[in-house]
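Subject: Structure handover and notes

Hello,

Here is the structure I promised to pass on. Please load it before reading the notes below.

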Amino acid sequence: WMKPPRWAGLGPAALGRLGYGADVDALDKEGHLALHQSSWQGHGSTAHLLLARGAQPNHSCSQGATTQGVAMQEGWADVVKVLLQHRASPDVWDKAGHTPRWLASKRGKQAMLNHQATV
């Protein structure tokens with residue numbers, strides 16, 4: 001059994017663990033994946049690395065948010081693009097019954113909706 005890595009900050013130490021077999025889908029103490037953290041913080045290159053290592057693109061965190069919903073809601077175009085390239089869906093329902101597409105529209109992030117067509 002391996003203790004879940006601490007993903008907060010997504011610094012070199014946390015990401016370096018990937019080379020030593022760390023589970024990219026391990027949850028931190030708040031129930032978030034590293035991919036959720038990269039979506040919230042706008043780290044497209046980190047999201048790409050995690051997805052390339054097998055992270056689940058449509059996962060919901062303990063609060064029910066999807067990675068794509070977080071990225072769209074926050075307006076991180078580079079993260080949205082990476083997630084879409086790795087088959088994250090803008091139409092997956094979160095635990096509150098919302099889709100990333102709806103969240104982007106509600107938050108006035110229509111540019112994120114337009115970005116979907118370019119991927």
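**Confidence**

This is a predicted model. Mean pLDDT for the protein is 77. Of its residues, 74% reach 70 or more. The lowest confidence is in helix H1, residues 12–16, with a mean of 53. The highest is in helix H5, residues 77–85, at 90. Residues 1–9 have pLDDT below 50. Beyond near neighbours in sequence, that stretch still has 22 contacts in the model.

**The nonpolar core**

The largest nonpolar core has 16 residues. Leu35, Leu50, Leu51, Ala55 and Leu83 touch the most other members. At least two residues each come from H2, helix H3 (44–52), helix H4 (67–74) and H5. H5 gives the largest share of this core, five residues. As background, nonpolar side chains in soluble globular proteins tend to be buried together.

Ala55 is worth a look in the viewer. Not counting residues up to four places away in sequence, Ala55 touches Val24, Asp25, Leu35 and Leu50.

How many of the eight residues of H4 are buried? Seven are, so H4 is largely enclosed by the rest of the structure. The buried ones are Thr67, Gln68, Gly69, Val70, Ala71, Met72 and Gln73. After H4 comes Gly75, with a positive phi near 85°.

In H5, the buried residues are Val79, Val80, Val82, Leu83 and Leu84. Arg87 follows H5.

**Arg87**

Arg87 lies in the loop between H5 and H6. Its phi is positive, about 70°, although Arg87 is not a glycine. Most residues other than glycine have a negative phi. Is Arg87 buried or exposed? With a relative accessible area of 72%, Arg87 is exposed, because the cut-off for exposed is over 50%.

**His36**

His36 sits in helix H2, residues 34–41. Its relative accessible area is 0%, so His36 counts as buried. Which residues does His36 contact, leaving aside neighbours within four places in sequence? They are His59, Ser60, Cys61, Ala65, Thr66 and Thr67. Thr67 is also one of the buried residues of H4. For Cys61 there is a polar detail: its backbone nitrogen lies 3.4 Å from a polar atom of the His36 side chain.

**Thr99**

Thr99 is in the loop between H5 and helix H6 (100–106). Where does Thr99 fall, buried or exposed? At 9% relative accessibility, Thr99 counts as buried, because the cut-off is under 20%. Leaving aside neighbours within four places in sequence, Thr99 is in contact with Pro90, Asp91, Val92 and Trp93.

**Gly108**

Gly108 is in the loop between H6 and helix H7 (110–116). Gly108 has a relative accessible area of 47%, so it is partly exposed.

**Where to start**

- Leu35, Leu50, Leu51, Ala55 and Leu83, which touch the most other members of the largest core.
- The His36 side chain and the backbone nitrogen of Cys61, at 3.4 Å.
- Arg87, with its positive phi of about 70°.
- Residues 1–9, where pLDDT is below 50.

Best wishes

Conventions:
Residues are numbered from 1 along each chain as its sequence is written. This is a predicted model: local features need pLDDT of at least 70, side-chain atom pairs count only at pLDDT 80 or more; totals for chains, interfaces and linings use all residues. Side-chain values use heavy atoms; hydrogens and water are left out. pLDDT is the predictor's confidence in each residue, from 0 to 100. Helices (H or I, at least four residues) and strands (E, at least two) are DSSP runs, numbered from the N terminus. Contact means heavy atoms within 4.5 Å. Buried means under 20% relative accessible area, exposed over 50%, partly exposed in between (1.4 Å probe, protein chains only). A polar contact is a pair of N or O atoms within 3.5 Å; within protein, one must be able to donate a hydrogen and the other to accept it, and residues adjacent in sequence count only if both atoms are side-chain atoms. A nonpolar core is a set of buried Ala, Val, Leu, Ile, Met, Phe, Trp, Tyr and Cys residues joined through side-chain atoms within 4.5 Å.
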